[in-house]
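Open the structure in your viewer and keep the selection panel at hand. The tour below goes from one selection to the next and says what is there.

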Amino acid sequence: MAGIRSYGAYIPLHRLPRSQIATAWAVAPQAGEKAVRNFDEDSITMATAAAIDCLRGIDRSAVDALYFATSTSPYTERQGSSIIASALDLPSSVRTVDFGNSLRCGMEAVAAAMDAINAGSATNVLVTVADTRIGAAQGEFEQSFGDGAAALLLSKDGVIATMLGSYSMTVPIMDRWRAEGDAFVRAWEDRWTIDEGYNKFLPQAAAGVLKKLGLEPKDLAKAAYYGPSARRHGGIARRMGLEEAQVQDSLFNTVGDTGAALSLMILVAALEEAKAGDKVLCVGYGNGASAFVVEVTPAIEKARDRRGIRQNLASKRYLANFEKYLRWRELVTFSAAARPERVPISVAALWRDTDQVLPLHGAKCKVCGTQQYPPQRVCIVCHSKDQFDPVTLSDHKATIFTFTHDNLAASADPPMTVTVVDFDGGGRGIFNMTDREPQEVQVGQQVEMTFRKLYLDRGVHNYYWKTMPARG
Amino acid sequence: MAEGIKDRVAIVGMGCTKFGENWDKSADDMMVEAAYEAYEDAGIEPKDIDAAWYGTTSSGSTGGPVAGALKLQYVPITRVENACATASDALRNASYAVASRVCDIALAIGVDKLKDTGFSGLGSAGGIMDAGVRPSTTAPGMFAMMATKYFFRYGLSPDEGKRMIGLVSVKSHHNGTLNPKAHFQREVSLETVLKAPIIAWPLGLFDCCGVSDGSAAAIVVRAEDAKKFRPDPVRIKALQMSVGNEGLVRSDYDYTHVESTWQAGLKAYEEAGVKTPREEIGMAEVHDCFSITEAVTMEDLQFSPRGEVRADIESGFFNLDGGLPVQPDGGLKCFGHPIGASGLRMIYEMYKQIQGKAGPRQLKNPKLGLTHNLGGAPPACTIFVGIYGE
């Protein structure tokens, strides 16, 4: 039977205590802290990170479809899943689909993946979900929202949690929404959105899937479901007939409301602790609600090496201050540095260089065996011409050969740290370094590659890899 | 069989403006000043110039601006751009022209008006549109990486390393106080250098040369004709360039030396017949865009043994009163770096020193002088090395 073959997750390194936001605006603090993506992260980069976690130890050529779900796509006319598929070095025969526009889109991507597998039109479907919603200053959402991503590999083979069935209901309610061009999430009055929306429809979807499968709430080992706050999340448990022990932590106090990604991130956390035979309910909410139930198989023991939620939660740094958050979210206008304007990107050149940019291909000389980056036509050592095999370097570890912290270069996370690194197996590259404490960077330090956005220029989100200290 | 350039070409006239924030002077204004000083020095008229080579990175393209500013109408004028080796390469091309006998009197003139950009630090080179993914690190950032690796490789603590490179700038600033054409003419203490704000770790404000405006010019003829112009021409002994970029991709590049400098030095010494550079070179102007660059260049030019320049810096070997004075005019550190002009400004100092006209900076017996330019970044450099004498 088909179901979940693997899972992965991603939580940005940096966290911001909610009390710091509250102090800035002299409002009441919500509990806990939120995860804050770096200036160089967006839904596409985080979804890629979660997908990489999910695909650890799995032959990527087995993936034949990739579904990317987000309510915060950086593009309105360019497919995010196509970019992610390239970053993951998947072939162009992979069917890429973007799901969007509601917080339930991740759940629908999972349902569609299962439909494709059960219909026989796909064997391994990767679903990756990420959201980066923000709330306007001084409001509730500024504190409650967080950034994060989760990924599931759905398959007929090697299933660690069998998909028992799913259920969905559509409700065109406008409790929380954004219109095109809105930077911040809008909402109607809070009590109404909870009473008429969340409290009504999420339990209905949960009840719907249990009834469809002939199950009772007491049959569930865990329930992983969306909640806009810890209080609302806890309050709905009894409506669904759940005991406290069955409720998987809402991640509110440690990450925040990660929108479309939340229900699946909570599911990943539940699977990390689950054992064979456990039935786990997952419910997503947004313009209605979707739910499914999985039953864990003994094969789950083989998936324990994912970073998932646990390792991502533990690997964290606090933002130096609230101003950093304002800076990274570009909510403040900065005085321009006395530096030249960026040269426009040649999209034609970027396309031609795609393989060395998105999947980070280097080349290995067939004659002398030297691995080199970027790919050359003439070998840097033996000067043989056009005798190369591609090498995917994005999953290689690397070592810092030298570095600098450049205060003159403009950066949203100053100073700009640039590293010269040697890849395991050969090849040298010069990359920006991110998610690092400058004082801790050293010659000889081991780093991993991370997929990030360099900048947005004239409508082009320019994605590339950076180095960072290994997480977890 | 190719021959070298040694003793085939002579410089018979040179000019150089004051370098600095020349707000009231355009690029054209500065070229007129430098060229007319050179004409007077050589005792020639503008109409005597047969051909010109024009070095600039940002103040003009084609030879048109030179024709316009100097009223050199209807002669061949080539614009040269080779990063920081631009001005020297203009001289190299002019020298080859007279040596090949296709013309008799050639002008090499360089200028840049960098203060018009309004930038802190140099702008980006070339402005070529590409995929746009390379790290946008600055020039200080790239050379800082060489400093970091040099300190690491030779076991220097951050304080020891900062002191080593700091002394380089202190020495140059002292020389600048003796030069009315320099932008900065004041002493700077080591303490000031060490306490200065960090630009790109470990390089601080005083480890980095400034951005400035300036122009310099040289008039060259075949050596056999030189005495017709003046009794004390300066003969060119070597003009070499070396361009390498494999350090970007090769994993065995060590970031503690510049291979192209080493290679250009070897070729220049061979061309000039120099066997023991540390003994035979009497003075040098090298590319001190950053203090670490000068320090490493001392090793790359074989003035100091590999990995041991620190001892020579500490002992004052490169000071004005030392065994091998480096940057006798104050260097890029005191002049700033109008890229198109710097190479010729360096040669101007060598020229004046050899003729005994360096005033308060005059060295006793300069013998051979060497100039060196470095364009690009440590893994991928365009290097010029020239040697001059009587």
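Start in chain A by selecting α3(A), where Gly80(A), Ser81(A), Ile83(A), Ile84(A), Ala85(A), Ser86(A) and Ala87(A) are buried. A residue is buried if 20 or more other C-beta atoms lie within 10 Å of its own, exposed if 12 or fewer, and partly exposed in between, with C-beta atoms placed from the backbone. Seven of the eight residues of α3(A) are buried, so this helix is largely enclosed by the rest of the structure. Helices (H or I, at least four residues) and strands (E, at least two) are DSSP runs, numbered from the N terminus.

Before going on, note that this is a predicted model, in which local features need pLDDT of at least 70 and side-chain atom pairs count only at pLDDT 80 or more, while totals for chains, interfaces and linings use all residues. Residues are numbered from 1 along each chain as its sequence is written, and chains are lettered from A and ligands numbered from 1 in the order in which they are written.

Step just past the end of α3(A) to Asp89(A), which takes a positive phi of about 65 degrees. Axes are lines fitted to C-alpha atoms, for helices over the stretch in contact, and angles run from 0 to 180 degrees between N-to-C directions.

Which residues make the contact between α2(A) and α3(A)? On α2(A) they are Ser43(A), Ile44(A), Ala47(A), Thr48(A) and Ala51(A), and on α3(A) they are Gly80(A), Ile83(A), Ile84(A) and Ala87(A). Two residues are in contact if their C-beta atoms, placed from the backbone, lie within 7 Å. By class, this contact of α2(A) with α3(A) has six nonpolar, three polar and no charged residues. Here Ala, Val, Leu, Ile, Met, Phe, Trp, Tyr, Cys and Pro count as nonpolar, Asp, Glu, Lys and Arg as charged, and the others, Gly among them, as polar.

Now select helix α6 (residues 190-213) and helix α7 (residues 230-239) of chain A, whose axes come within 10 Å and cross at roughly 50 degrees. That makes α6(A) oblique to α7(A). Show the side chains of Ile194(A), Tyr198(A), Asn199(A), Leu202(A) and Pro203(A) in α6(A), which meet Arg232(A), Ile236(A) and Arg239(A) in α7(A). The residues of this contact divide into five nonpolar, one polar and two charged.

**Chain A as a whole**

Zoom out to chain A, which has twelve helices and 22 strands. Its C-alpha trace spans about 70 × 55 × 40 Å along the principal axes. Buried residues make up 51% of the 472 residues in chain A.

**Across to chain B**

Select the place where the chains meet: 33 residues of chain B are in contact with 37 residues of chain A. On the chain B side, α4 (139-153) and β5 (198-200) are the elements that give two or more residues. The largest share of that side, seven residues, comes from α4(B). The residues of the side of chain B that touches chain A divide into 16 nonpolar, 13 polar and four charged.

**Inside chain B**

Next select Ser95(B), found in helix α3 (residues 86-99) of chain B. Is Ser95(B) buried or exposed? Ser95(B) is buried, with 25 other C-beta atoms within 10 Å. Not counting residues up to four places away in sequence, Ser95(B) touches Ile5(B), Val9(B), Val220(B), Ile236(B) and Leu239(B).

From α3(B), Thr86(B), Ala87(B), Ser88(B) and Leu91(B) take part, meeting residues of α12(B) including Ile339(B), Gly340(B) and Ile347(B). The contact of α3(B) with α12(B) has six nonpolar, five polar and no charged residues.

Finish with all of chain B in view: chain B has twelve helices and eleven strands. Buried residues make up 63% of the 390 residues in chain B.

Note on methods: Angles under 35 degrees count as roughly parallel, over 145 as roughly antiparallel, 65 to 115 as roughly perpendicular and the rest as oblique.
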